[in-house]
Amino acid sequence: MRSRCPVLLFALALASLIAGAAVDARQQEPAKPYTPPRTPDGQPDIQGIYNPVGTFYNIEDLEYQSLYQNFKPNPSLRGKSLIIDPPDGKIPYQTWAAEKRKPIYQLHGDPTPQYVDPNARCWPQGVPRHVNNREFEIFQPPGYVVIFNMAHHTYRAITLDGSPHIPESVKLWMGDSRGRWEGNTLVVDVTNNNDQTWFDVMASFHSDAMRVTERMTPVSADRIEYQAVITDPKVYTRPWTFAIYFNRNKDYGSELWEEACVESNDRNLELLKRPGRN
Amino acid sequence: MRTRLRHCLMASATLGTVLWLAPALAAGQTWTPSRTPDGQPDIQGIWEGGPASNNAGHSLEDGCCDAEHNKMQRRAADNIGLRQQIIVDPPNGKIPFQPWAAAKRTEHLINLDAPTELQHIEPEDRCSLQGVPRSNLRGPIQILQIPGHVVMLFEWVHAYRVIPVDGRPHSPKGAAMWQGDSRGRWEGNTLVVEASNFRVDPVGYNKQPWIDSHGTFYSDALRVVERWTFVDAKTIAYEATIEDPKVFTHPWKIAYLIVRRAERHFELIEEACWEGVSVSNRLESGRITAKAGRQRPHSHSEP
């Protein structure tokens with residue numbers, strides 16, 4: 001008797017463990033991970049043309065994005081944000097930075113020259129804004145992930161060879177991107193950013209101390225989830241996280257064509273030349 | 001006398017080019033590059049126009065610059081003109097403008113020398129896209145390949161060019177672009193690219209790329225056929241035939257060598273042209289020149 005008891009207990013314990021595991025498995029079943037095909041050099045293949053599903057107008061409040069589609073705001077999106085951390089969905093500016101932003105924010109629809117959105121001047125959009133403004137195409141030649149933007153006709157080459165960042169003193173509009181694959185997630189560390197780009201139309205700014213850590217995860221053949229953790233101790237009280245996703249453009253034979261922003265650039269100058277402006 | 005000497009020098013330069021290229025081209029027939037997974041010759045890496053193409057982006061006919069210009073830009077004092085004739089056809093090395101187009105180009109050269117309006121500032125100085133073949137004449141080019149495509153990244157204005165080599169047709173005529181629409185194919189070790197669908201400025205001025213800084217403009221009929229012959233692991237014999245029956249009397253051709261950047265860890269870094277764009281000083285000096293009646297076509301010789 002004494003000798004059989006432990007066996008029985010062990011069997012019972014084992015049975016309950018198996019049952020528990022089975023329950024867990026059932027609960028997790030819907031989240032079957034997507035395994036993308038591989039490129040010749042073994043990268044998860046995420047190539048193609050994508051449309052970002054986000055908002056390029058105000059990343060902290062999605063209500064007015066629909067103005068671009070039908071000239072009407074969408075009150076059901078009021079206060080909804082692309083920022084998933086902090087939980088209030090707001091960029092955690094330091095006090096001085098919030099004060100600096102205030103007048104630019106208020107004048108964003110009718111700016112004086114120094115307050116014009118850098119995108120309206122057709123400058124390179126920077127990270128992460130360049131993946132949140134119309135179509136882009138991903139190419140994966142060996143050792144690289146290259147993103148081509150339709151807007152502004154610029155590119156970002158993300159090297160995957162483990163090479164170090166360029167010296168800190170060099171500041172770039174599109175930053176310096178070094179990436180690696182963690183399973184099916186592309187993790188990119190973006191440094192050497194200059195302080196000239198915004199995140200949206202609403203004067204959301206950063207300094208040249210900004211560092212962006214991006215994670216791009218293909219969750220199906222046609223969708224990539226994108227998260228960017230923004231760190232900038234000169235401007236924000238804490239790191240914050242921006243999240244959108246990219247949908248594959250499945251139109252047959254689609255090709256990325258040039259969007260030559262510069263063509264109508266001088267129109268901006270005309271707009272600023274109104275009487276009473278300086 | 002001076003003209004004859006010049007022609008003589010140019011003819012020698014052309015002969016020099018041919019003699020220089022001949023062994024390279026012969027070698028190209030035997031060079032066997034490795035292949036990409038889809039069977040293209042693997043030509044990936046960073047390339048740049050060789051020394052002979054120095055200054056050709058400024059003027060395909062005359063190069064650049066004068067001593068004063070070089071001093072201002074901290075360039076070597078003797079870096080003047082072209083080291084080699086870049087326009088190989090016609091043999092005189094001159095762009096065969098039709099008469100009306102030659103007059104238009106002279107107007108561009110006058111306005112270039114003393115700009116009085118924003119539109120007189122040439123496209124390159126406004127940091128606009130460079131088009132074809134001018135993109136290949138300004139700084140390093142990184143070539144990357146994925147199945148069915150050759151991709152070129154340029155350091156200058158952070159622009160790019162995607163060349164499908166999968167036999168697809170050109171984009172529709174209405175879709176005109178600054179960089180044009182490129183379609184390529186491989187003929188042995190030669191990448192042949194046909195580029196058309198170039199945008200032209202609807203008001204006929206310079207809101208479109210020029211082929212060089214000296215006002216070499218084109219119409220919507222421009223078609224450029226490039227031949228990138230990979231002669232060995234380090235050398236491309238580059239040729240571009242430029243035809244535009246609305247502007248030139250006949251097609252003309254440029255040729256020069258593009259060489260691989262051999263430095264270890266060489267990487268393209270963003271060239272943010274926009275940062276230094278300030279035209280107000282140039283417009284002010286141009287207006288002073290115009291007011292004094294001292295306008296003349298831009299040239300590299302003293303008036």
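Of the 303 residues in chain B, 37% count as buried. Keep in mind that this is a predicted model.

**Overall make-up**
- Chain B has four helices and ten strands.
- If you walk along the sequence of chain B, the elements come in the order α-β-α-β-α-β-β-β-β-β-β-β-β-α.
- How much of the contact in chain B joins residues at least 24 apart? Looking at contacts between residues at least 6 apart in sequence, the share is 65%.

**Where chain B meets chain A**
- On the chain B side, 24 residues are in contact with 25 residues of chain A.
- Three strands of chain B, namely β3 (141-146), β4 (149-154) and β5 (160-164), each bring at least two residues to the side that touches chain A.
- The top contributor to that side of chain B is β3(B), which gives three residues.
- What kinds of residues make up the side of chain B that touches chain A? There are 16 nonpolar ones, along with six polar and two charged.

**Helix α4 and what follows**
- Helix α4 of chain B covers residues 280-291, twelve residues in total.
- Just past α4(B) comes B:Gly293, with a positive phi of about 70°.

Notes:
Residues numbered from 1 in each chain as written. Chains lettered and ligands numbered in written order. Predicted model: local features only at pLDDT ≥ 70, side-chain atom pairs only at ≥ 80, totals over all residues. Contact = placed C-beta atoms within 7 Å. Nonpolar A, V, L, I, M, F, W, Y, C, P; charged D, E, K, R; others polar. Expected span 1.5 Å × (residues − 1). Buried ≥ 20, exposed ≤ 12 C-beta atoms within 10 Å, placed from the backbone.
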